[in-house]
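Please look through the sequence and the structure before reading on.

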Amino acid sequence: MSTRIVTSRLPSVPRIPGLCRFFSAAARAQNTGGVKQLGVLGAGQMGLGIAFVAALVSKVPVVLYDSSEASISKSLGFLEKLLQKDVAKGKYTQAVADQVAKLIEPTMKFDSIFASDFIIEAVPEIVSLKCEIFGKLAAGAKRDTILSTNTSSISITKIAAAAKGAEDRVVSTHFMNPVPVQKGVEIISGLQTSRETVDRAIEFVKSMGKLPSVSTDNPGFIANRILIPYINEAIICLETGVGQKEDIDNIMRHGCAMPMGPLALADFIGLDTCLAIMNVLYTQTGDSKYRPAVLLQKMVAAGWLGVKSKKGFYDY
Ligand SMILES: NC(=O)c1ccc[n+]([C@@H]2O[C@H](COP(=O)([O-])OP(=O)(O)OC[C@H]3O[C@@H](n4cnc5c(N)ncnc54)[C@H](O)[C@@H]3O)[C@@H](O)[C@H]2O)c1
């Protein structure tokens, strides 16, 4: 498949003397840790975001694979809009936007990914799917390619076990959503991951202008282990009458300097996602402190998932 973005249709803007913070990072980033080509599996919201930042900031060519033509078309449409918006805002020039578009090569041929030096998988959160993909990557990729997953909750050790013969080259680069905005990335090693693999992953995400935090393979890793129980506790406060939803969100925003209240944040993340992560923490640790709030379970059962279903703790 040879879909190509026509960036010449994007509005031309004059060259801007003060380029944005983001593009300054692009200018600084030179060392990609030997990565001459990135492969991204899954052109959804995370995969496209990763491909975009790698092309813009690390300036590496990206092969973007997806098994669905509809997903690729949707993704390329989104990329075109994103580039157009950034150029119009003066974040970077038309020439930069054209270069980014040129660097991202969409494909529906799985084998096209094998020439990459670093591969990031961002397909849906399904254990069997990820394990099948890592088996194929271990068999087909170059012998020194880093094989990375963007999983939110699946054990890296388990995914690495599926990459027969390449277990030590499997790691997680857990980007946060939205990828162009959030600077933090968790680098998670499985039991089998080598130190060299972790170092190369750190180097590459730094070349993308990101700030890596290293963690071991434990349920929820660092970010979700802390964030999701915090949200769950806010839901327990609501269901047990400790406070009204506005009071809970307001005190956390205006008294604890959180940019969003925990209940509004839960709506943004998706209540189904919050519940899935609480369930992983609860079942994998067996610790009752991770019991998902009953109200959270009921809201998910009702289909009240937050922003995406237009109803959660708030109406949208
Ligand atoms: N969305 C978030 O906030 C977020 C944050 C951090 C991590 N993650 C993780 O990132 C991963 C991707 O999440 P997302 O939100 O981008 O999902 P998404 O549903 O937006 O995108 C997934 C993409 O994978 C494609 N796909 C499905 N099966 C495939 C296959 N066999 N081969 C290739 N492509 C296939 C789909 O067509 C789709 O384009 C998940 O593991 C998720 O847990 C998500």
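Which helix gives the most to the shell around the ligand? Helix α2, residues 45-58, does so, with three residues. The structure discussed here is a predicted model.

**Surroundings of the ligand**

There are 21 residues around the ligand, and those that come nearest are G42, G44, M46, S71 and N177.

**Backbone features**

N177, one of the residues that come nearest to the ligand, also takes part in a particular backbone feature. The peptide bond that leads from N177 to P178 is cis, and its omega is near -5°. P178 itself belongs to the loop that runs between strands β6 (170-175) and β7 (184-189).

K59 is located in the loop between α2 and β2 (62-65); α2 is the helix that gives the most to the shell around the ligand.

**Division into domains**

The protein is divided into two parts: domain 1 covers 7-216 and domain 2 covers 224-309. Between the C-alpha centres of domain 1 and domain 2 there is a distance of 29 Å.

**Packing of α8 against α11**

Helix α8 (residues 223-239) packs with helix α11 (residues 271-285) at an angle of about 115°, and their axes are 10 Å apart. Because angles of 65 to 115 degrees count as roughly perpendicular, α8 and α11 are roughly perpendicular to each other. The crossing in which α8 passes α11 is left-handed.

On the α8 side, the contact is made by N224, R225, I228, P229, I231 and N232, while α11 supplies C274, I277, M278 and L281. Seven residues of this contact between α8 and α11 are nonpolar, two are polar and one is charged.

**Packing of α8 against α10**

Helix α8 also meets helix α10 (residues 262-269): their axes come within 9 Å and cross at roughly 120°. How are α8 and α10 oriented to each other, oblique or roughly perpendicular? They are oblique, because the range for roughly perpendicular is 65 to 115 degrees. The crossing of α8 and α10 is left-handed.

Here α8 contributes Y230, I231, A234 and L238, and α10 contributes P262, L263, L265 and A266. The contact of α8 with α10 comprises eight nonpolar residues, with no polar and no charged ones. I231 of α8 is named in this contact and also in the contact with α11.

Key
Residues are numbered from 1 along each chain as its sequence is written. This is a predicted model: local features need pLDDT of at least 70, side-chain atom pairs count only at pLDDT 80 or more; totals for chains, interfaces and linings use all residues. Axes are lines fitted to C-alpha atoms, for helices over the stretch in contact, and angles run from 0 to 180 degrees between N-to-C directions. Helices (H or I, at least four residues) and strands (E, at least two) are DSSP runs, numbered from the N terminus. Angles under 35 degrees count as roughly parallel, over 145 as roughly antiparallel, 65 to 115 as roughly perpendicular and the rest as oblique. A crossing is left-handed if the near helix is turned anticlockwise from the far one by less than a right angle, and right-handed if clockwise. Two residues are in contact if their C-beta atoms, placed from the backbone, lie within 7 Å. Ala, Val, Leu, Ile, Met, Phe, Trp, Tyr, Cys and Pro count as nonpolar, Asp, Glu, Lys and Arg as charged, and the others, Gly among them, as polar. A residue is near a molecule or strand if its C-beta atom, placed from the backbone, lies within 6 Å of it. Domain bounds come from an automatic or database domain assignment.
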